[in-house]
Amino acid sequence: MKKYIGIDGIDGAGKSTITNLLKNHLENKYKVYVKKEPDQLRDIILEYMDNNSDDSGYILALLFTADRQIQNIELKKRIEEGYIVISDRTLYSTFSYQLIYNIDINWLKEISKYIIKPDITFILDISPEDAIERIEKRGEYKTYYERLGILNKVRDNFLKLKEIFPEDNIRYIDASKKPEEILNEIISYL
Ligand SMILES: Nc1ncnc2c1ncn2[C@@H]1O[C@H](COP(=O)(O)OP(=O)(O)OP(=O)(O)O)[C@@H](O)[C@H]1O
Ligand SMILES: Cc1cn([C@H]2C[C@H](O)[C@@H](COP(=O)(O)O)O2)c(=O)[nH]c1=O
């Protein structure tokens, strides 16, 4: 059984929905701890996202990585205590969203080197058109990235992750399926 599970993908792919379903399923047998990225620095980051400047990619990458590094402490503790940890978003989001600003990938790898990587990460893959439709139906506040042109670039970066991290355990899941089907596929890999 994998101890640290990442759920990632573009906005509206269904990450929170699947994270909840997986949590409910695993809780029948295990102690489960769910984390979400970003967390402690979320408000600062979301506010900053709208202020575009030449340095935005670097600044946002630093902020997301700092938020993740802060969460590393609790993450380590929970894993040591025997929890199964599910993370709604992972470092792979930074390697997909912030790389649209053409930042230096080796620099990003360097600042991410102390981040604990999930044992397995599921990238929920969906067309940006379908994701936007889901986001609009959900009808909540939209972040800066929740627009077609941006999500197309971000999705392309998610699809390149296996080339960037050939050693990592990354699985792509067709997120256009029904939530229960997605859940069953995920469970089959754990
Ligand atoms: N497999 C699915 N089929 C149809 N609708 C779905 C599916 N998964 C999620 N949804 C719906 O799509 C909307 C977005 O889902 P959810 O909030 O889980 O996505 P998310 O990836 O966590 O989004 P965000 O990154 O914007 O927080 C919700 O209204 C949810 O009910
Ligand atoms: C972790 C992470 C997130 N983002 C972006 C993606 C979303 O637009 C927002 C908020 O996340 P949510 O899961 O949709 O609530 O932040 C990012 O650009 N880089 C990251 O590393």
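Visitor: Why is A13 called buried?

Guide: A residue is buried if 20 or more other C-beta atoms lie within 10 Å of its own, exposed if 12 or fewer, and partly exposed in between, with C-beta atoms placed from the backbone. A13 has 28 C-beta neighbours inside 10 Å, so A13 counts as buried. This is a predicted model, in which local features need pLDDT of at least 70 and side-chain atom pairs count only at pLDDT 80 or more, while totals for chains, interfaces and linings use all residues. Residues are numbered from 1 along each chain as its sequence is written, and chains are lettered from A and ligands numbered from 1 in the order in which they are written.

Visitor: Where is A13 placed, and which residues does A13 touch?

Guide: A13 is in the loop between β1 (4-9) and α1. Helices (H or I, at least four residues) and strands (E, at least two) are DSSP runs numbered from the N terminus. Leaving aside residues up to four places away in sequence, A13 touches L124, I126, A131 and A175; contact requires C-beta atoms, placed from the backbone, within 7 Å.

Visitor: Is G14 buried or exposed?

Guide: G14 is buried, because 21 C-beta neighbours lie inside 10 Å. G14 is also in the loop between β1 and α1. Its contacts, again not counting residues up to four places away in sequence, are L124, A175 and P179.

Visitor: Which record feature covers G14?

Guide: An unreviewed UniProt entry places the feature "binding site" at G9, I10, D11, G12, A13, G14, K15 and S16. UniProt positions are given in the numbering used here, feature names are shortened, and annotations may be inferred rather than shown by experiment.

Visitor: Which residues come nearest to ligand 1?

Guide: They are G14, S16, T17, R134 and R138, out of 14 residues around ligand 1. A residue is near a molecule or strand if its C-beta atom, placed from the backbone, lies within 6 Å of it. The largest share of this shell, four residues, comes from α6. By class, the shell around ligand 1 has four nonpolar, four polar and six charged residues. Ala, Val, Leu, Ile, Met, Phe, Trp, Tyr, Cys and Pro count as nonpolar, Asp, Glu, Lys and Arg as charged, and the others, Gly among them, as polar.

Visitor: How do you know whether R89 is buried or exposed?

Guide: R89 has 23 C-beta neighbours inside 10 Å, so R89 counts as buried. N102 also has a positive phi, near 60 degrees, and is not a glycine. N102, however, is exposed, because 8 other C-beta atoms lie within 10 Å.

Visitor: What makes a set of residues a nonpolar core?

Guide: A nonpolar core is a set of buried Ala, Val, Leu, Ile, Met, Phe, Trp, Tyr and Cys residues joined through C-beta atoms within 7 Å. The largest one here has 25 residues, and I10, L124 and I173 have the most contacts inside it. Apart from it lies another core of seven residues, among them L91, Y92, F95 and L99. In soluble globular proteins, nonpolar side chains tend to be buried together.

Note on methods. Two residues are in contact if their C-beta atoms, placed from the backbone, lie within 7 Å.
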